[in-house]
Amino acid sequence: MDVKVARIGKPHGIRGEVTVQVLTDDPETRFARGTRLLTEPASRGPLTVKSARWNKHILLLGFDEVNDRNRAEELRGTMLYVEAEESTDDAWFEHDLLGLEVHVDGEVIGKVSALHTGPAQDLLEVELSDGSETLLPLVEEIVPEIDLDAGVVTATPPPGLLDLDRE
């Protein structure tokens with residue numbers, strides 16, 4: 001399964017650069033010059049990274065296949081993917097985690113519904129058994145174990161964490 005790394009936004013300038021919403025925790029590697037990115041829809045790619053630079057807090061990408069603003073505009077909304085690599089023990093992809101049962105003190109409290117990557121830490125979005133949702137910081141103190149084979153995330157949230165954002 002391929003790994004989603006960005007969504008193309010609006011064009012930037014007249015030479016075909018685009019803004020991107022970064023969906024990876026390793027943009028320097030994922031968007032290195034020469035990296036081949038798969039696209040969805042597939043008819044818009046693949047695209048080869050020509051340049052990557054930060055403009056304030058926005059990543060700008062240039063592609064070998066895109067030389068002007070008109071072509072860049074055609075890519076707006078395109079999802080960018082890289083081919084999945086073997087996971088390391090410390091790396092989790094959203095597709096690995098979706099649907100896993102979340103256990104607290106041996107009880108099922110819900111299922112993982114999304115992974116939100118952030119600059120400081122990642123968050124697991126959990127749909128609780130009562131239909132509400134909560135976020136769990138994906139740090140070892142709160143999520144000490146993820147067993148993909150068993151389909152289980154073991155969580156040890158501090159008191160009150162699961163009740164945040166609930167009335």
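## Briefing: a barrel and its loops

Pro41 sits in the loop between strand S3 (36-40) and strand S4 (47-55). The model is predicted. Its chain holds 3 helices and 12 strands.

**Cis peptide bonds**
- Most peptide bonds are trans.
- The bond from Glu40 to Pro41 is cis, with omega near 5°.
- Gly45 and Pro46 are also joined by a cis peptide bond, with omega about 5°.
- Pro46 lies in the loop between S3 and S4.

- Strands of a sheet pair through backbone hydrogen bonds, either parallel or antiparallel.
- Here 6 strands form a closed barrel in the order S1-S2-S5-S4-S3-S6, and the pairing is antiparallel.
- Neighbouring strands of this sheet are turned by 50° against each other on average, direction ignored.
- Strand S1 (residues 3-12) runs antiparallel to strand S2 (residues 17-22), and 5 bridges join them.
- Ala6 has Val22 in S2 as its bridge partner.

**Positive phi**
- Most residues other than glycine have a negative phi.
- Lys56 has a positive phi near 60° and is not a glycine.
- Lys56 is in the loop between S4 and strand S5 (58-63).
- Lys56 counts as exposed because its relative accessibility is 75%, and exposed means over 50%.
- Asp105, not a glycine, has a positive phi of about 55°.
- The loop between strand S7 (101-104) and strand S8 (107-116) holds Asp105.
- Asp105 has 76% relative accessibility, so it counts as exposed.

**The whole chain**
- The chain has 167 residues, and 40% of them count as buried.
- It exposes about 10,000 Å², with 47% supplied by carbon and sulfur atoms.
- Among contacts between residues at least 6 apart in sequence, 46% join residues at least 24 apart.

Conventions. Residues numbered from 1 in each chain as written. Predicted model: local features only at pLDDT ≥ 70, side-chain atom pairs only at ≥ 80, totals over all residues. Heavy atoms only, no water. Helix = DSSP H or I, 4+ residues; strand = E, 2+ residues; numbered from the N terminus. Buried < 20%, exposed > 50% of the residue type's maximum accessible area, 1.4 Å probe, protein only. Contact = heavy atoms within 4.5 Å. Areas by Shrake-Rupley, 256 points an atom, 1.4 Å probe, with all protein chains shown as cover. Pairing = 2+ DSSP bridges. Axes fitted to C-alpha atoms, helices over the stretch in contact; angles between N-to-C directions.
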